[in-house]
Amino acid sequence: MENEMTSKINPARLWNDIIESGKIGATEKGGLCRLALSDEDRQVREWFVESCRAEGCEVRFDELGNLFSRRPGRQPDLHPIAIGSHLDSQPTGGKFDGILGVLAGLEVVRTLNEHGIETEHPVEIIDWTNEEGARFAPAMQGSGVFAGVLEKETILSCRDRDGRVFGEELQKIGFRGDDVCGHHHPLDSYFELHIEQGPILEAEEKVIGVVGGVQGMRWYDLTLEGRASHAGTTPMEMRSDASVAAAEIIIAVNRLAGEIGEGALTTTGVIDAYPNSRNVVPSRVFMTVDLRHTGIEILDRMEKKLEEAVSTVCSLREVSGTLDRLWDSPPVKFDAECVGAVREAAKKSGHPLREITSGAGHDAVYVSRVAPAAMIFIPCKDGISHNEIESATPDTWALAHRY
Ligand code: GLV
Ligand code: MN
Ligand code: MN
């Protein structure tokens with residue numbers, strides 16, 4: 001950008017946008033339930049599009065529903081500098097995760113407009129479709145297809161747990177666009193502001209996290225098949241109980257992290273038992289496993305241990321198990337120049353900063369494959385995220401976002 005920018009964003013205005021967004025899909029505990037491609041997702045998109053148009057931006061959306069809101073630059077041939085994240089949430093999510101990054105883009109555009117600042121490059125605000133992966137798996141689908149890593153057709157035809165199809169749901173909310181996702185949309189660079197979602201910055205009293213990269217993550221579907229039988233008449237030794245096998249696998253997955261050590265993380269987030277009736281020995285359990293680490297070799301070891309645990313428990317409990325790896329997102333290192341720009345800006349602000357690796361997945365992971373990318377973290381209260389009580393304050397993001 002040519003201008004020396006000294007203008008600061010208006011934190012109160014950004015806070016107000018967070019509160020406005022937080023009304024769409026609000027939960028009782030002050031969080032959000034705004035699953036991807038739900039009616040709440042439609043409502044927040046419509047509100048966001050209207051807000052961007054009010055700032056004079058041109059808004060487009062592609063065949064995956066990714067939303068691009070462009071403020072023109074002096075040189076229309078230059079690729080846009082993009083700022084973005086996601087507006088969808090977990091079923092019991094917070095109002096900052098992802099939302100802050102998109103609305104920060106809007107706040108940057110508002111600040112530029114307010115001060116009559118022209119930029120050489122266009123500035124683009126992006127809302128990526130289904131970052132969370134809570135309703136349709138895997139996560140980061142819009143940015144994954146944009147970057148050419150995930151297959152468009154696979155994503156458009158994937159189903160949620162009620163059997164609803166992604167492409168049809170996208171059509172239903174009115175955001176299935178004609179623009180081809182990805183190839184024809186080069187970005188000069190991409191910046192994503194996000195709450196840390198963990199405890200490090202707060203504990204060390206740092207205000208800005210300069211994010212060097214993101215750890216690797218692998219997602220698995222596991223289906224256990226036993227035999228349904230009567231709870232009151234089937235002797236214990238004659239049961240083939242899928243729930244008991246699931247319980248033992250959950251414990252094994254949890255222990256696996258401790259056995260590996262070195263910061264390994266394991267989670268069993270979904271457990272669906274069938275037929276889900278209190279007096280039937282469960283015939284089937286569907287469950288998911290999430291493994292995370294910064295090293296590929298460690299992830300390989302974790303995967304091997306997971307396979308062993310499933311096979312040991314299944315033979316002991318006389319159930320069959322099918323383990324599918326449905327997603328593998330390797331560790332990512334962000335672009336040195338973009339990370340350097342974040343570091344320099346943070347230093348200039350004079351506020352305490354820390355180099356940090358992200359434990360959570362973000363759209364920047366995939367965008368970094370096709371454009372130089374970096375992220376900025378700010379602390380969140382008690383390091384809690386993916387929870388309705390997630391909280392962050394305007395003070396911190398105003399410091400992190402000083403222009
Ligand atoms: C995305 O929210 C993740 O699972 O890290
Ligand atoms: Mn997020
Ligand atoms: Mn999230």
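Donors are here the N, O and S atoms within 2.8 Å of a metal (3.2 Å for Na, K and Ca), and because water is not among the atoms, sites may look incomplete. By that rule the manganese ion (ligand 2) has His86 (NE2), Asp97 (OD) and His194 (NE2) as its protein donors, at 2.0 to 2.3 Å. This is a predicted model, in which local features need pLDDT of at least 70 and side-chain atom pairs count only at pLDDT 80 or more, while totals for chains, interfaces and linings use all residues. Residues are numbered from 1 along each chain as its sequence is written, chains are lettered from A and ligands numbered from 1 in the order in which they are written, and side-chain values use heavy atoms, with hydrogens and water left out.

- His86 is buried at 0% relative accessible area, and His194 is buried at 1%, where buried means under 20%, exposed over 50% and partly exposed in between (1.4 Å probe, protein chains only).

**Manganese ion (ligand 3)**
- Asp97 (OD), Glu132 (OE), Glu132 (OE) and His386 (NE2) are the protein donors of this ion, at 2.1 to 2.4 Å.
- Glu132 is buried at 6% relative accessibility, whereas His386 is partly exposed at 41%.

**The two ions together**
- The manganese ions (ligand 2 and ligand 3) are 3.6 Å apart, and Asp97 coordinates both.
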